[in-house]
Amino acid sequence: MMTRRRTLLMGVVLIAAMALGIGCESVGLRSMKIYMQQENWDRALEQGMTAVNENPEDDEAWFNIAFVASKLDSFDIMLDAIERTQALTDVHDEKIDAIRIIKYNELFNAAAADFNRGELDRAEQRLDIAYRIDPERANAPKVLGLVAQQRGDLEGALGYFGQAMRADTSDTDVARQYVAILLQLEREEEALDTMGEV
């Protein structure tokens with residue numbers, strides 16, 4: 001009799017715990033996850049926005065918005081959602097890093113192909129987004145410097161090469177480009193100082 005009562009009580013506790021767990025997840029987030037499973041990214045994003053309207057502190061919803069937006073190449077939404085997620089928790093940091101790496105590499109590789117075809121505007125657009133995704137990496141500003149250089153914008157090129165140098169102090173090619181532009185701009189003293197640092 002006691003065993004049956006204990007089993008019944010444990011069953012009631014388990015059902016209550018499951019109900020509480022389900023209750024924590026908003027309708028918007030549940031719907032979002034269903035659309036994500038179906039790879040219906042537009043509807044998933046729509047439901048994610050509903051979820052964060054229901055609960056602006058829902059880090060899981062914000063993270064899923066970042067993920068879905070990355071699938072749609074909606075970079076402004078993705079970056080905003082990443083920022084909001086990280087303001088709430090560091091639980092998703094590894095997955096966020098993975099998203100950043102994937103999207104940065106996709107954009108950079110496409111931009112490099114654009115640059116090689118002489119499609120400078122398209123390359124620049126993609127590189128600007130890549131830089132926003134990860135300003136700590138040197139590749140995007142390095143190629144942006146080459147784009148500016150091809151356009152004859154030496155000051156712009158200098159700025160980008162400077163960013164690339166700060167991101168990767170071991171890249172002597174960028175340092176040489178930087179010094180060469182300083183010399184073209186007749187800024188010999190700065191060129192000498194830079195050469196002394198590399």
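Where does Glu25 lie relative to α1 and α2? This is a predicted model, and in it Glu25 sits in the loop between α1 (2–24) and α2 (27–37). With a relative accessible area of 23%, Glu25 counts as partly exposed, because that value falls between the 20% cut-off for buried and the 50% cut-off for exposed. Setting aside its neighbours within four places in sequence, Glu25 is in contact with Arg30 and Lys33. Then there's Glu60: Glu25 and Glu60 are 35 residues apart in sequence, and their C-alpha atoms are 9.3 Å apart in space.

Let's move on to α3 and α4. Two packed helices are described by the angle between their axes and the distance between the axes. Here the axes of α3 (residues 41–54) and α4 (residues 59–71) come within 9 Å and cross at roughly 155 degrees. That angle is over 145 degrees, so α3 runs roughly antiparallel to α4. As for handedness, α3 passes α4 in a left-handed crossing.

Who meets whom? On the α3 side you'll find Trp41, Ala44, Leu45, Gly48, Met49, Ala51 and Val52, and they meet Ala61, Trp62, Ile65, Phe67, Val68 and Lys71 in α4. Sorted by class, this contact has eleven nonpolar residues, one polar and one charged.

Before you zoom in elsewhere, a word on confidence. The protein averages a pLDDT of 87, and 86% of the residues score at least 70. Residues 7–23, though, have a pLDDT below 50, and beyond near neighbours in sequence this stretch has one contact in the model. Where pLDDT is low, the predicted coordinates should not be read in detail.

Technical notes: Residues numbered from 1 in each chain as written. Predicted model: local features only at pLDDT ≥ 70, side-chain atom pairs only at ≥ 80, totals over all residues. Heavy atoms only, no water. Axes fitted to C-alpha atoms, helices over the stretch in contact; angles between N-to-C directions. Helix = DSSP H or I, 4+ residues; strand = E, 2+ residues; numbered from the N terminus. Parallel < 35°, antiparallel > 145°, perpendicular 65-115°, else oblique. Left-handed = near helix turned anticlockwise from the far one by under 90°. Contact = heavy atoms within 4.5 Å. Nonpolar A, V, L, I, M, F, W, Y, C, P; charged D, E, K, R; others polar. Buried < 20%, exposed > 50% of the residue type's maximum accessible area, 1.4 Å probe, protein only. pLDDT = per-residue confidence, 0-100.
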